[in-house]
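Visitor: Could you walk me through this structure and tell me what the terms mean?
Guide: Gladly; let us look at it together.

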Amino acid sequence: MAVADTSPWEHILGDGGLVRGLEIKAMGCVRTVAIAGLMIVSAMLTRAYAGGAVATIDGAQMQAMIADGARLIDIRRADEWQATGIVPGAALITAFDAEGRLDPRFLEEVRTATIKGQPVILICRSGNRSMKAGALLLGDGGYSSVASVSGGMNAWIAAGAPVLPCPNC
């Protein structure tokens, strides 16, 4: 997940990163704290993949999880699928309407599209809705392994990853 004009450490230490409000002045400390932050993130992803929290993953991790049997679900709306295309193989299940209201059929449609115990990966436009929907699946849905693609379709497309036209939009 590269962002123009930022270092890889800024995602961990910068505004909005894992460590907020921490000023480090001594030379070499940034790297030490960043490595510690990466170790924490790794532990969080491992725990989340096993259940308990929505894991945030990138496109490469998404592909690896799919290869291991996870189910990818694109939770955007039909107009969004039509505008950008979809990730090949994704199930298309809208989670929220244009006003942000949960679609009452969402949980049932996800249950229909998945096998009991199967890890679920959610993707939306930017990653925000998929985190909310993931929390719902972990809570009310009874799922134990849910991941959200960081940056959503915006990041997927920016990385030059494949998309297909929506077949039924």
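**Crossing helices and a sheet**

Guide: The axes of α5 and α6 come within 11 Å of each other and cross at roughly 75°. This is a predicted model, in which local features need pLDDT of at least 70 and side-chain atom pairs count only at pLDDT 80 or more, while totals for chains, interfaces and linings use all residues. Residues are numbered from 1 along each chain as its sequence is written, and side-chain values use heavy atoms, leaving out hydrogens and water.

Visitor: Why are α5 and α6 called roughly perpendicular to each other?
Guide: Axes are lines fitted to C-alpha atoms, for helices over the stretch in contact, and angles run from 0 to 180 degrees between N-to-C directions. Angles under 35 degrees count as roughly parallel, over 145 as roughly antiparallel, 65 to 115 as roughly perpendicular and the rest as oblique. The angle here is roughly 75°, so α5 and α6 count as roughly perpendicular. F106, L107 and V110 of α5 make the contact with A133, L136 and L137 of α6; contact means heavy atoms within 4.5 Å.

Visitor: What makes a stretch a helix or a strand?
Guide: Both are DSSP runs numbered from the N terminus: helices are H or I with at least four residues, strands are E with at least two. The chain has seven helices and five strands.

Visitor: How do you know that β4 and β5 pair?
Guide: Two strands pair if DSSP finds at least two bridges between them. Strand β4 (residues 120–123) and strand β5 (residues 146–149) have three bridges, in the parallel sense, so they meet that definition. V120 stands opposite V146 in β5.

Visitor: What makes β1 and β3 edge strands?
Guide: The five strands form an open sheet with parallel pairing, in the order β1-β5-β4-β2-β3. Each of β1 (55–57) and β3 (91–92) pairs on one side only.

Visitor: Which residues of α6 are buried?
Guide: In α6 (residues 128–138) they are R129, S130, A133, G134, L136, L137 and L138. Buried means under 20% relative accessible area, exposed over 50%, and partly exposed in between (1.4 Å probe, protein chains only). Their cover includes α4, α5 (106–113), β4 and β5.

Visitor: Why does the link between R77 and D79 count as a polar contact?
Guide: A polar contact is a pair of N or O atoms within 3.5 Å; within protein, one must be able to donate a hydrogen and the other to accept it, and residues adjacent in sequence count only if both atoms are side-chain atoms. The side chains of R77 and D79 are 3.1 Å apart in their polar contact, so the distance is within the limit.
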